[in-house]
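Q: Got a model to walk through with you. Can you put it up?

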Amino acid sequence: MINLAVIGCGYWGVNYVRLLHEIPRARLVCVCDSRPERMALMRQKFPLLSVTDSLDEVFDNRWVDAVVIATPAATHHALAVRALRSGKHVMVEKPMATSVEEAEEMAAAAADNNRVLMVGLTFLYNAGIRKLREMVSDPEFGTVYYLHCTRTNMGPVRHDVSAIWDLASHDLAICDYLLDQTPVWVQAQASTVLDHDLADIAFLTLGYPGNILANIHVSWVDPNKVREVVVVGSQRRVLLNDLNAGEPVRVFEKGICSTRIEPDSFGEFRLQVRDGDIISPRIAPSEPLRNQMEHFLDCILTDRPPISDGAVGLANVRALSAVEESLAKRGAQVEVRGYVSSHSPR
Ligand SMILES: NC(=O)c1ccc[n+]([C@@H]2O[C@H](COP(=O)([O-])OP(=O)(O)OC[C@H]3O[C@@H](n4cnc5c(N)ncnc54)[C@H](O)[C@@H]3O)[C@@H](O)[C@H]2O)c1
């Protein structure tokens, strides 16, 4: 049994509170929120739960083994470092932090205190994304040509971080996970249309090793909700439509590549077109957030790093920071610091 606390019981945090009541090997010891109305709601929904606005009560509670931090991004660093130094395992929401330096300090605090640090990059625990990863790494997929991610909706609009840090953090993590490497460079264009100084719409291009391009489009001002990831390769095209519950993944067994006509001929190529079936593999339904929480508990119990550990969260923040640098340089190509060629096998 692992004893947990949830810090931040807003729109997203309540999902953790619900899940931690449902998972048998987890015991929710207390929840913490600084807003009286959220504390009142928690007391009303869960009358037996200990509810507090005091962070000291959470960090000094020796019965709390692990904390879930579901507060706004700007608070993640201070709360996570304090929790890790108090000896707690930490599951912190994405984006892990709002600067590379903060993310580095969080990863170091986890290592120094020998605690599990996990970042809530929920799509890495989505069964459809896992299926895509399995298919992309299969030799039958052929050479990966490019990826394309679209994440649009009307809201929710944030007032602390831009649509890039809020939404594209998911897609950057998905691309890294599918390719098992991080981008070498990024290029970005964004615009602000609402009455604040945060980007509402963005188009990002990433360059991965092996001449692989990825394109990410995010917007929180689009009346059409889209959650799609496409990977195109020489032999296949695979698509995740996360809004299609019945048929989330589709595989197009089609592709185009060029081959030399004669092995020793110079410059003479033939285009080979493969035209096959369109299939929807069966994906057993599962709740990504529950998969994520179960994985966090497994990692604590077995002392293993999570799939979305501090290093993966840090790579995510490095890419986001490079995107900001590209925007400041009017869309220039910017190298991503600390490029990682492959995540350790999971
Ligand atoms: N993984 C996902 O798919 C996903 C989805 C939605 C949101 N999120 C992330 O979850 C986090 C929270 O988002 P949200 O939409 O729930 O925001 P929210 O504003 O609705 O909730 C945040 C809550 O944290 C509380 N809070 C802030 N500072 C605090 C502090 N120092 N101590 C205690 N409580 C504090 C606020 O009072 C608020 O109730 C963000 O990082 C967001 O990116 C992740």
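A: One definition before we start: two residues are in contact if their C-beta atoms, placed from the backbone, lie within 7 Å. Helices (H or I, at least four residues) and strands (E, at least two) are DSSP runs, numbered from the N terminus.

Q: What sort of model is it, and which pLDDT limits apply?
A: This is a predicted model: local features need pLDDT of at least 70, side-chain atom pairs count only at pLDDT 80 or more, and totals for chains, interfaces and linings use all residues. Residues are numbered from 1 along each chain as its sequence is written.

Q: Which residues of α7 and α9 meet?
A: From α7, I164, W165, S169, L172, A173 and D176. They meet A315, N316, A319, L320 and V323 of α9.

Q: How do those residues divide by class?
A: Eight nonpolar, two polar and one charged. Ala, Val, Leu, Ile, Met, Phe, Trp, Tyr, Cys and Pro count as nonpolar, Asp, Glu, Lys and Arg as charged, and the others, Gly among them, as polar.

Q: What's the angle between α7 and α9?
A: Helix α7 (residues 163-179) packs with α9 at about 120°, and their axes are 10 Å apart. That makes α7 oblique to α9. The classes: under 35 degrees is roughly parallel, over 145 roughly antiparallel, 65 to 115 roughly perpendicular, and the rest oblique. Axes are lines fitted to C-alpha atoms, for helices over the stretch in contact, and angles run from 0 to 180 degrees between N-to-C directions.

Q: Where does α9 lie?
A: Helix α9 (residues 310-328) lies across β8 (185-191), β9 (201-208) and β15. Its direction is at about 60° to β8.

Q: OK, sheets. What's the strand order in the nine-stranded one?
A: β14-β13-β12-β11-β7-β10-β9-β8-β15, an open sheet with mixed pairing. Two strands pair if DSSP finds at least two bridges between them.

Q: Which strands stand at the edges there?
A: β14 (269-279) and β15 (334-335). Each has a single partner strand, so one side of each is left without a neighbour in the sheet.

Q: And β7 with β11, parallel or antiparallel?
A: Antiparallel, over nine bridges, between β7 (residues 144-154) and β11 (residues 221-233). C149 has V229 in β11 as its bridge partner. Helix α6 (residues 127-136) packs on this sheet and touches β7, β11, β12 (237-241) and β13 (249-260). The α6 direction makes about 170° with that of β12.

Q: How does β7 pair with β10?
A: In the parallel sense, over seven bridges, with β10 covering residues 212-219. R151 stands opposite V218 in β10.

Q: What about β9 and β10, how many bridges?
A: Eight, antiparallel. F203 stands opposite H217 in β10. The hairpin of β9 and β10 has three residues between the strands, and G210 takes a positive phi near 80° there.

Q: Switching to the six-stranded sheet. What's the order?
A: β3-β2-β1-β4-β5-β6, open, with parallel pairing. β3 (50-52) and β6 (117-120) are the edge strands. The twist averages 20° from one strand to the next.

Q: Which strand do four bridges join to β1?
A: β4 (residues 66-69), running parallel to β1 (residues 2-7). V6 has V68 as its bridge partner in β4.
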